[in-house]
Amino acid sequence: MVMNASELAALLSADEPNYSLIAREGVPLLPHLRALMAGRSETLAARAASLAGYIDDDRAVGVLAAGAQNRSPTVRAAVAGALRQLARPSAVALLMRLLDDSHLSVRKFAIKASAQQSDPRLQTKLAAIGARDPSPALRQVAMAAIGGGRRGPGGNGTGIA
Amino acid sequence: MNDEYFLQPEASLGEWEAYVPELEGPPGPGPLPPVPWGGLPGPSVSACAGLARPEVIDRFDFDVDRLKPAHHVVLQRIAACIAGAARAGSPITAIRIVGHTDRVGNDAYNNGLGQRRASNTRAALEVAIRRLDPTLPGRIAFTVETRGERDPVPGDRARSRRVQIFVPPVVARPPSPQTGCPPGYTTRLRLHLKILVDPAVPVATSLAVMQRLYRAAGIFVEEGSPRERLRLPTLEILDVRDPRNPADRCMMNGISAEQHALFRNRNGVGPRDIAVYFVENTDPGLNGCASHPPGLPSVVISRTASQFTLAHEVGHVLGLDHVRGEPCRNRAFVPTSLMTGCSTSRLRTTANLSPSELATMRSSRLLVPCGGRISTWS
């Protein structure tokens, strides 16, 4: 039986949600995730974004694009973090936008997610961040992301080490 | 590694009283000065350091004796102080509560109104204390008085409508950093609290809850060093994904580079101590995470974690696993174990640890026998 919104919220409220397990429900969760991302709970909205990243489908990217409009940088950072895992070509435009986010944490996770992609537009953008981001740490993360190229499982994926 | 991920401790020494207000306030300008070990009051008593003498809850609505939400916040702070002092072996045994009114109305009526405000404050304070330690209110002598309209705040009617709560100064016990515990304990566990982002639940509350729960195992939980504020903006939302497989998170065998970077900020943390880092959030989102590299016991607590999360995550460090088979998707389900796999925000004050969990905790090599000497202090 498909999980309802209340059950999903209860599972996401756990201290340490088991995202992989919940995500087995797949695409039918996406409407609930979209609703949670637009809801009043910042915590649940961020976790909904994290969970969307575990659903390997272009429609999950669409849900995350909506979440990227959230006023909370914590939610937007979760959107960017989710895209590290949901490394689909359809996410490139969204990543380009997140790389310009005003909040440092959002940019940090967007850089890490971009390192999972091979799109030349992202590589150009990362080079620009590596040269000009106000945060020295993020400049370093960006340069490491470029140097690492596309990282699969086994890669560091962080640029911080 | 970029220097932004590390803090260099300042060389100057500070006084406990001097940094507590900064700690409780908005993010400060950087690291708090270290304090030499041996000069601190008992760690739980620190919850009392920011209290005014007396504490005042004011701006009661006109002719109303009911407390406002903001009043309860103050009472929770007082309760944390009282519970912390009791656990540190410096119990507060008497509290005086005095109600006041503005000058509108006659003396007799205002005396009654002041009395009701004071009585309601006492009742609410008892509830707040009981949440942290169910037995504690019975050990405190409450005195409830009214001054009616006799002591107004000059020129301010709203602030005249108030209740004063007189909490006597806590006589801090020497911290006995090397040996010994308060009566009733067999071992001690040291935490070092490092704050990147202030948690929604006050640190003192989480600590008091943990101290109460761990007492069942005979474990005396203490702060091993002054709380430290870390300015590490890049790590405020911490990557806890396994670098080899981002789908896995918070894995003991998959520590992220950011966790490694954060956990290297260990000013004052001994090898058998646990460093606790308060952050905004993790990616993916968790209330807390207890994975750490070998030899660097650490936990991360997110800003919106519950009052039980600190005790829960440290429980993981001491070897505890989640309770299995709970119906977490049923929102009506109320777990009873601290180590629930559901949300710890569902726990009630009766949350506990099973005998086998207590035994596991007691066997942790991080515990120091009360009679033993801590020789590993750095």
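B:Arg303 is partly exposed in the predicted model, its relative accessible area being 22%. This arginine takes part in a salt bridge with A:Glu42, in which the closest N and O atoms are 2.7 Å apart. Because A:Glu42 belongs to helix α4 of chain A while B:Arg303 is placed in the loop between β14 (298-302) and α7 (309-317) of chain B, the pair joins two chains. A:Glu42 is likewise classed as partly exposed, with a relative accessibility of 27%.

The interface to which this pair belongs involves 46 residues of chain A in contact with 42 residues of chain B. About 3,400 Å² is buried between chain A and chain B, and carbon and sulfur atoms account for 46% of that area. Between chain A and chain B, 8 salt bridges are counted. One further example is formed by A:Lys112 and B:Asp239, with a separation of 2.9 Å between the closest N and O atoms. Polar contacts between chain A and chain B amount to 24 residue pairs, with both residues at pLDDT 80 or more. On the side of chain A that touches chain B, at least two residues are supplied by each of α1 (5-12), α2 (19-22), α4 (42-52), α6 (73-85), α8 (104-114) and α10 (136-148) of chain A. The most is given by α6(A), which provides 7 residues. Divided by class, this side of chain A comprises 21 nonpolar, 16 polar and 9 charged residues.

Salt bridges also link several residues into a network, whose members are A:Arg84, A:Lys108, A:Lys112, B:Asp239, B:Arg241, B:Glu258 and B:Asp283. Over all chains, the count comes to 35 salt bridges. Within chain A, A:Lys125 is bridged to A:Asp100, and the closest N and O atoms of the two are 2.6 Å apart. This pair links distant parts of the chain, given that A:Lys125 is in helix α9 (residues 120-132) and A:Asp100 is in the loop between α7 (92-98) and α8 of chain A, 25 residues apart. A:Asp100 has a relative accessible area of 52% and is therefore exposed, the threshold for that class being over 50%. Within chain B, a salt bridge at 3.0 Å, N to O, is formed by the side chains of B:Asp61 and B:Lys68. Both residues fall in the intermediate class: B:Asp61 is partly exposed at 40% relative accessibility, and B:Lys68 is partly exposed at 28%.

Chain A contains 10 helices and 0 strands. Of its 161 residues, 58% count as buried. Among the contacts in chain A with a separation of 6 or more, 63% are between residues 24 or more positions apart.

In chain B, strand pairing was examined around β4 (residues 163-166). Strand β1 (residues 55-57) runs antiparallel to β4(B) and is joined to it by 3 bridges, with B:Gln164 as the bridge partner of B:Val56. Strand β2 (residues 94-100) of chain B also pairs with β4(B) in the antiparallel sense, over 4 bridges. In this second pairing, B:Gly99 has B:Val163 as its bridge partner.

Most residues other than glycine have a negative phi, and most peptide bonds are trans. B:Asp283 and B:Pro284 are joined by a cis peptide bond with omega of about -5°. B:Pro284 is located in the loop between β12 (281-283) and β13 (288-289) of chain B, and B:Asp283 is a member of the salt-bridge network described above. Phi is positive, near 60°, at B:Asp63, a residue of the loop between β1 and α2 (69-87) of chain B. B:Asp63 is partly exposed, at 37% relative accessibility. A positive phi, near 55°, also occurs at B:Cys250, in the loop between β10 (245-249) and α6 (257-263) of chain B. B:Cys250 is buried, with a relative accessible area of 15%.

Technical notes: Residues are numbered from 1 along each chain as its sequence is written. Chains are lettered from A and ligands numbered from 1 in the order in which they are written. This is a predicted model: local features need pLDDT of at least 70, side-chain atom pairs count only at pLDDT 80 or more; totals for chains, interfaces and linings use all residues. Side-chain values use heavy atoms; hydrogens and water are left out. Contact means heavy atoms within 4.5 Å. Buried area is the accessible area (1.4 Å probe) that two parts lose on being put together, summed over both. A salt bridge is a side-chain nitrogen of Lys or Arg within 4 Å of a carboxyl oxygen of Asp or Glu. A polar contact is a pair of N or O atoms within 3.5 Å; within protein, one must be able to donate a hydrogen and the other to accept it, and residues adjacent in sequence count only if both atoms are side-chain atoms. Ala, Val, Leu, Ile, Met, Phe, Trp, Tyr, Cys and Pro count as nonpolar, Asp, Glu, Lys and Arg as charged, and the others, Gly among them, as polar. Buried means under 20% relative accessible area, exposed over 50%, partly exposed in between (1.4 Å probe, protein chains only). Two strands pair if DSSP finds at least two bridges between them.
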